[in-house]
Structures are given as C-alpha cells and as structure tokens.
Amino acid sequence: MHVGAQTTITDQERALPYLTETVNSNLPENYEGQFTVQALDWQGDLQLFPKPYDVILGADIIYIEETFPDLLRTIEHLSNEDTLVYISCRIRYTRDSNFLKMMSEVFDLKKIHLDRDRDITIYKGKKKTNCKY
C-alpha cells in the first residue's frame with residue numbers, strides 16, 4: 001500500500017543542507033512518498049514552481065514586513081482556488097496582523113486553532129475566485 005505524498009519542502013538557499021539533513025533524519029524507514037527539498041526565494045523567480053499545490057503549510061513565515069508583498073505573491077503563485085493554505089504564527093506585532101489583513105484580500109482566511117500556552121494561531125485559507133493567478 002502506498003501512503004506517501006509528493007511533497008516539496010522549502011527554505012532559503014543557505015538553509016538547504018541543514019533542512020535536507022533534518023528531513024532525512026525524520027522520515028520513517030518505510031516512507032513511500034516522494035519529497036524534494038528546494039530553495040524558495042520569495043523575491044526570486046517563481047517559475048521553478050509552475051504548478052499549484054494541493055496544500056501549502058507555512059510556519060513562522062511572517063516576520064519581515066518588507067517581504068510581505070513578496071510572500072503574498074509567492075503564496076498566490078503556488079495556489080489556486082482548490083489549494084488549502086495553512087499558516088501557523090505567533091502574532092507579536094501589528095505588522096503580523098497587517099500581513100494577515102493583506103492575505104485576507106486574496107484568500108478567505110479563518111482562524112482554526114489557538115494554542116494559548118504557546119501563543120500560536122493557525123489560520124486556514126482558500127484563494128478567492130476573483131484572484132489574478
């Protein structure tokens with residue numbers, strides 16, 4: 001029985017060796033899915049990621065306000081109206097909420113979980129049908 005998935009795991013170029021080691025050390029021996037560890041630069045060429053993804057998971061990706069337009073453009077590019085987007089974050093500053101507002105202009109975004117002990121919130125979104133991508 002095949003129980004894996006095709007998964008792309010991304011980070012900045014400089015983090016790939018560590019990320020690859022972490023992924024390899026955490027996969028079970030009988031893992032049957034396919035995965036790729038790949039650099040993703042929000043300000044770079046997104047054509048390396050041509051197809052929309054079924055699910056996008058973003059954890060602690062909301063942190064540098066100057067990159068918010070590029071981050072949103074990246075999430076838009078990687079998704080279509082069927083893509084489920086999950087964002088996990090800690091709202092530390094007004095800018096964090098500002099990004100979620102920006103994202104809400106393009107995605108129907110809902111808070112689905114709050115871990116009060118860790119102060120982490122998980123949001124789920126789907127792209128609105130009138131988006132440009």
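Buried means under 20% relative accessible area, exposed means over 50%, and partly exposed lies in between, with a 1.4 Å probe and protein chains only. Helices (H or I, at least four residues) and strands (E, at least two) are DSSP runs, numbered from the N terminus.

This is a predicted model, in which local features need pLDDT of at least 70, side-chain atom pairs count only at pLDDT 80 or more, and totals for chains, interfaces and linings use all residues. Residues are numbered from 1 along each chain as its sequence is written, and side-chain values use heavy atoms, with hydrogens and water left out.

**Helix H2**

Start with helix H2 (68-77). Its buried residues are Phe68, Asp70, Leu71, Leu72, Thr74, Ile75, Glu76 and His77. That makes eight of the 10 residues of H2, so the helix is largely enclosed by the rest of the structure. The cover over these buried residues includes E3, E4, H3, E5 and E6.

Ile75 shows the packing in detail. Contact means heavy atoms within 4.5 Å. Leaving out residues up to four places away in sequence, Ile75 touches Ile56, Ile61, Val85, Ile87, Phe99, Met103 and Phe107.

**The nonpolar core**

A nonpolar core is a set of buried Ala, Val, Leu, Ile, Met, Phe, Trp, Tyr and Cys residues joined through side-chain atoms within 4.5 Å. The largest one has 22 residues, and Ile62, Ile75, Ile87, Phe99 and Met103 touch the most other members. Two or more residues come from each of H2, strand E4 (84-89), helix H3 (94-104) and E5. H2 gives the most, with four residues.

**The largest pocket**

On a 1 Å grid over the protein atoms alone, a pocket is an open set of points where a 1.4 Å probe fits, with protein on both sides within 12 Å along at least five of seven lines; lining residues have an atom within 4 Å of a point. The largest pocket has a volume of about 1200 Å³, where volume is the space filled by probe spheres set on the points, joined across faces, edges and corners. It has 35 lining residues, and Thr8, Ile9, Thr10, Leu40 and Leu57 are the closest to its centre. E1 gives the most to this lining, with six residues.

Most residues other than glycine have a negative phi.

Asp119 counts as partly exposed, because its relative accessibility is 39%.
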